[in-house]
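Please look over the sequence and the 3D structure shown here before reading on. The paragraphs after it go through the chain one part at a time.

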Amino acid sequence: MQDAASNASPRPAGPALRFVAAALIVRDGEVLIGQRRPNQPMALLWEFPGGKIEAGESPQQALARELDEELGIHATVGPRVIHIRHNYRHGGAVDLQFFSVHEFEGEIQNQIYEQVKWVKLTDLTSYEFLAADRGLIRDLAAGKLL
């Protein structure tokens, strides 16, 4: 159920809202992050693995598919950690659902990123993340969510 305030917006209608599922893949106090390639929008910024939720998919199904495509792993998608809606300054909006992943099968194989890294939660603020992730990064680094 939506409240009336979410439907009233002083901004003109922009591009369609993109629905995305992302993974907080955690291992031994570290989380896996990926750096976008130089030829992508928001080049070389860091993000969490995941991607667009396709029609007919649940967020968990979409995330499992994306992790297979991006990293070559078969993940056990855990509970949702946080749900964020972000409007980008230059247009566009994203609805992000982050899920914990503590178990997966297979070796991580970087299929799409410039690089992937395991990073201590407390060190996340040292990396330049996508704007939509920055509040989450502060909370993770402060030990508030995982």
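Strands are runs of at least two residues that DSSP assigns as E, numbered from the N terminus. Gly-50 is found in one of them, strand β4. The model is a predicted one, and its chain has 3 helices and 7 strands. In sequence order these elements form the pattern α-β-β-β-β-α-β-β-β-α.

The chain has 146 residues, of which 37% count as buried. Among the contacts with a separation of 6 or more, 66% are between residues 24 or more positions apart.

Apart from neighbours within four places in sequence, Gly-50 is in contact with Ala-21, Ala-22, Leu-63, Glu-66, Glu-70 and Tyr-113. Asp-68 is 18 residues from Gly-50 along the chain, and the C-alpha atoms of the two are separated by 9.7 Å.

Not counting residues up to four places away in sequence, Ser-100 touches Leu-24, Thr-76, Val-77, Gly-78, Pro-79, Val-81 and Leu-146.

Ala-16 gives a contrast. This residue sits in the loop between α1 (4-7) and β1. The relative accessibility of Ala-16 is 63%, and exposed means over 50%, so Ala-16 counts as exposed. Although Ala-16 and Gly-92 are 76 residues apart in sequence, their C-alpha atoms are 6.9 Å apart in space.

Next come the aromatic rings. How many aromatic pairs does the structure hold? There are 3. In one of them, the rings of Trp-46 and Tyr-127 have centres 5.2 Å apart and planes at 75 degrees. Planes over 60 degrees apart count as edge-to-face, so the pair of Trp-46 and Tyr-127 is edge-to-face. This pair links distant parts of the chain: Trp-46 belongs to strand β3 (residues 46-47), while Tyr-127 is in the loop between β7 (115-120) and α3, 81 residues apart. Trp-46 is buried, with a relative accessible area of 6%, whereas Tyr-127 is partly exposed, at 22%.

Phe-48 and Phe-98 form another pair, with ring centres 5.9 Å apart and planes at 85 degrees, so this pair is also edge-to-face. Again distant parts of the chain are linked: Phe-48 is in the loop between β3 and β4 and Phe-98 is in strand β6, 50 residues apart. Both Phe-48 and Phe-98 are buried. Ring pairs join Phe-48, Phe-98 and Phe-129 into a cluster.

Helix α3 covers residues 134-141, and its buried residues are Leu-136, Ile-137, Leu-140 and Ala-141. Why do the buried residues of α3 line one face of the helix? Looking down the axis of α3, one finds them within an arc of 130 degrees, so they line one face. What do these residues pack against? Their partners are β1 (17-27), β5 (74-87) and β6 (93-105). After α3 comes Gly-143, which has a positive phi, near 75 degrees.

The last stop is a region of empty space. Rolling a probe the size of a water molecule over the atoms shows where such space is left. The second largest pocket contains about 440 Å³ of space. It is lined by 24 residues, and the closest to its centre are Arg-18, Val-20, Arg-36, Glu-47 and Gly-51. Two or more lining residues come from each of β1, β4 (50-52), α2 (59-71) and β6. Which element gives the largest share of the lining? That element is β1, with 4 residues. By type, the lining residues of this pocket divide into 14 nonpolar, 3 polar and 7 charged.

How values were computed:
Residues numbered from 1 in each chain as written. Predicted model: local features only at pLDDT ≥ 70, side-chain atom pairs only at ≥ 80, totals over all residues. Heavy atoms only, no water. Buried < 20%, exposed > 50% of the residue type's maximum accessible area, 1.4 Å probe, protein only. Arc of directions from axis to C-beta. Contact = heavy atoms within 4.5 Å. 1 Å grid on protein atoms, 1.4 Å probe; cavity = no way out; pocket = protein on both sides within 12 Å on 5 of 7 lines; lining within 4 Å. Points joined across faces, edges and corners; volume = space filled by probe spheres on them. Nonpolar A, V, L, I, M, F, W, Y, C, P; charged D, E, K, R; others polar. Phe/Tyr/Trp six-rings, centres within 6.5 Å; stacked < 30°, edge-to-face > 60°.
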